[in-house]
Amino acid sequence: MSPAYLEVAGLRAAYGDIQVLHGIDFSVDEGQIAVILGANGAGKTTTLRALCAMVSTEGSIRLGGEELAGQRTADIVRRGVAHVPQGRGTFPELSVEENMMAGAFVRSDAEVRADIEQWYETFPVLGERRTQAAGSLSGGEQQMLAIARALMLRPSLLLLDEPSLGLAPMITRALFEQLTAINKEAGTTMLVVEQNAALALGVADVAYVLEAGEMALSGPAHELAADDNVRRAYLGY
Amino acid sequence: MGVLVSVLGVFDVSFDKLSNGELWLAQFFRGLSDGATYASVALALVMIYKSTGFINFAQGSLALLGVYLAYIFSVEQGLPVAVAVVCAMVASAVVAAFVERVFIRPFPPDHVLPLVIVTLGLLLIIDSAVGIVWGFRTRSLPSMFPSGAPIEWGIAQLTWRTIGNLGTVFAVVGLLYLLLSRTKVGLAFRAVSSNLESARLVGIRVGPTLGFGWALAAAIGTLGGALVVPDLLLEPSIMLRVLIFSLAAAALGGLDSMVGAVIGGLVVGLARNLLVTFLDLSELALATAVAVILVVLLVRPTGLFGSTRVERV
Ligand SMILES: Nc1ncnc2c1ncn2[C@@H]1O[C@H](COP(=O)(O)OP(=O)(O)OP(=O)(O)O)[C@@H](O)[C@H]1O
Ligand SMILES: [Mg+2]
C-alpha cells in the first residue's frame with residue numbers, strides 16, 4: 001500500500017513547558033476528508049497548528065512524501081497547505097477583496113482574479129460586500145470569508161478549525177455541502193476539526209478522536225459514527 | 001476680563017504682539033513649516049506602531065544618523081543637498097533594516113514590552129555613537145529648498161522652505177498611500193499589521209515584511225530630519241527634541257492613522273510657534289508637548305483619527 005498523502009507520526013507539541021500532544025499518529029489519503037473529534041482542550045487546534053509550524057513540535061509530518069517538520073509556516077503554505085484558524089481568520093482592517101487577494105499572496109498566476117469572482121459566486125454575500133472592511137462583517141460572514149480566503153491558495157490540503165463556529169445550523173449544512181463539492185471537484189484533501197460531530201462524520205471518509213493529547217480512536221467515519229462511545233460522547237444519543 | 005489680564009500677565013504677554021496681524025501670519029507659516037517636519041517623523045512612528053503595536057523610540061535616532069550622513073554627503077563630499085538627502089535616506093533604511101534584523105527580530109513580535117525597552121536602548125546607543133563619532137559641536141545643514149520667499153506681507157513670509165516642507169510631507173503621504181494600497185508588499189505590510197497569525201497562514205514572511213517597514217520608516221524619518229535641521233543646528237541631541245514633538249503629533253492623530261499623524265504634526269507645529277511667540281513659553285515648549293501626549297492619552301487615547309484597536313487574541 002502506498003503511503004497516505006498526509007502521514008503524521010509521533011507528533012508532539014508543547015506551549016513552553018506544557019506538553020499538549022503526546023505523540024499522535026494519523027494519516028489522510030489524497031482527496032479524502034478527515035475529521036478530528038475531541039473534547040474542549042483535547043488538542044485539536046494544537047494538532048492543526050502543529051501541521052503549519054505555528055507551535056513548537058517534534059515528530060514527522062509528511063505531505064505527498066515530503067517532510068514538513070522543521071519547515072517554516074511560509075514555506076509550508078507554499079507547499080499548498082491552507083489553514084482556517086479557529087475564530088479570527090480574517091484581516092479585519094482590510095476589505096473583503098483585499099482579504100481574498102491576501103489569500104492568494106503566494107500565487108503568481110493570472111487566474112487569481114477569476115478565482116475571486118468564482119468564490120463570490122459561491123458566497124454571494126462576500127461579493128456584495130467586497131469593498132467593506134472585513135471587521136464590519138457579521139461573525140458568520142467573517143467565517144465564510146476566512147474559508148474563501150483559504151481556498152484562494154488553491155490548496156492541496158485544507159485545514160479547517162471549527163468552520164461552523166458562529167454559523168446558523170442551516171448555513172453550516174450548506175457550508176459542508178459546499179466543502180464536499182469542492183472536495184469532489186478540485187480533489188482537495190481536507191482535515192476538519194468540528195464540534196458538530198454528526199454533520200462532520202456524515203461528510204468525512206475517516207475520523208479520529210483525540211483525548212487529552214492522545215489519539216483514542218480512529219477508523220472509517222461511518223464506523224465511528226456507529227461506535228457506542230463516540231455516539232454517547234460526541235453525538236449525544 | 002480682569003482675571004484674563006492677570007492670567008496673561010503671568011506669561012508676560014505683550015498686547016502689541018497679540019494685535020500684530022503680520023506676526024500671527026508669520027508664526028502661522030513657521031508653524032506649518034515646523035509642523036510638516038514633525039508630521040514626517042510622526043508618520044514614521046505611526047508606520048511602526050500600526051504594524052507592531054509599539055512606539056519605536058529609536059526612530060529619532062535613526063533619523064539623526066541619517067541627517068549626519070546627509071551632512072557628510074553634502075557639506076563634506078559636495079553633493080547637491082537633495083541628492084545627499086536621498087542617499088542618506090537609502091543609507092538609513094539599510095541601517096534600520098540591519099538594526100531590525102539583529103536587535104528586534106529575535107524577540108517574539110507579540111510581546112511588546114521587551115521590544116519597547118530595546119528601542120529605548122537603541123535610542124541611547126545610536127545617539128551616543130553619533131556623539132562619539134562626530135563630536136558635540138554644532139554644524140549647519142543647508143536646506144534642500146532655495147532661500148527667499150515668493151510671497152510676503154511685511155514680516156510674514158511664505159518661504160520656499162515652508163512650501164517645500166509642506167509639499168514634501170504631502171508627497172510622502174501620497175506615495176505611502178499608493179505603496180500600501182496598490183502593491184503586493186504594501187498588502188503584506190497591512191496584513192501583518194492587521195492579523196499577524198493569519199498573515200503567516202497566507203504565506204507572508206512576517207520578519208522581512210516588518211524589516212521593510214523599519215527601513216521605510218527610517219527613510220521617512222531621515223527626510224523629516226533633513227527638513228527640520230536647517231532651521232536649527234545639527235548636534236547629537238537635536239532629534240530627541242524633534243521626537244518628542246513628533247510623538248505628541250502622533251498621539252494627537254491617534255497613533256495608528258497616517259492622516260492623523262500629518263494633521264497632528266501641523267497642529268503641534270502651529271501650537272508650538274504660537275505659544276513660544278505670544279506667551280514667551282520657549283522654555284516650556286517641550287513640557288507642553290509632553291503635556292499634550294499625556295492629556296491625549298488620558299482623555300482620548302484614540303486621538304483625533306485613531307481607530308479603536310481590535311484586541312489581539
Ligand atoms: N497559547 C497557548 N499557551 C499555553 N497553553 C495553550 C495554548 N493554547 C492552547 N493551550 C493548551 O493546550 C491544550 C489544548 O488546546 P487546544 O486549543 O489544542 O484544544 P482544542 O481541542 O482545540 O479545544 P477547543 O475545542 O476548546 O477548541 C489546552 O489545555 C490549552 O489550555
Ligand atoms: Mg480548538
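Helices are DSSP runs of H or I with at least four residues, and strands are E runs of at least two, numbered from the N terminus. V296(B) is found in one of them, helix α13 (residues 285–299) of chain B.

This is a predicted model: local features need pLDDT of at least 70, and side-chain atom pairs count only at pLDDT 80 or more. Residues are numbered from 1 along each chain, and side-chain values use heavy atoms, without hydrogens and water.

Q: Why is V296(B) called buried?
A: Buried means under 20% relative accessible area, exposed over 50%, partly exposed in between (1.4 Å probe, protein chains only). V296(B) has 9%, so V296(B) is buried.

Q: What makes F28(B) partly exposed?
A: The relative accessible area of F28(B) is 36%. That value falls between 20% and 50%.

Q: Why is F29(B) called buried?
A: F29(B) has 9% relative accessibility. The cut-off is under 20%, so F29(B) counts as buried.

Q: Why is the pair of Y38(B) and F245(B) called stacked?
A: Rings of Phe, Tyr and Trp (its six-membered ring) pair if their centres lie within 6.5 Å; planes under 30 degrees apart count as stacked, over 60 as edge-to-face and the rest as tilted. Here the centres are 5.1 Å apart and the planes are at 20 degrees, so the pair is stacked. Y38(B) lies in helix α3 (residues 21–52) and F245(B) in helix α11 (residues 238–253), 207 residues apart.

Technical notes
Chains lettered and ligands numbered in written order.
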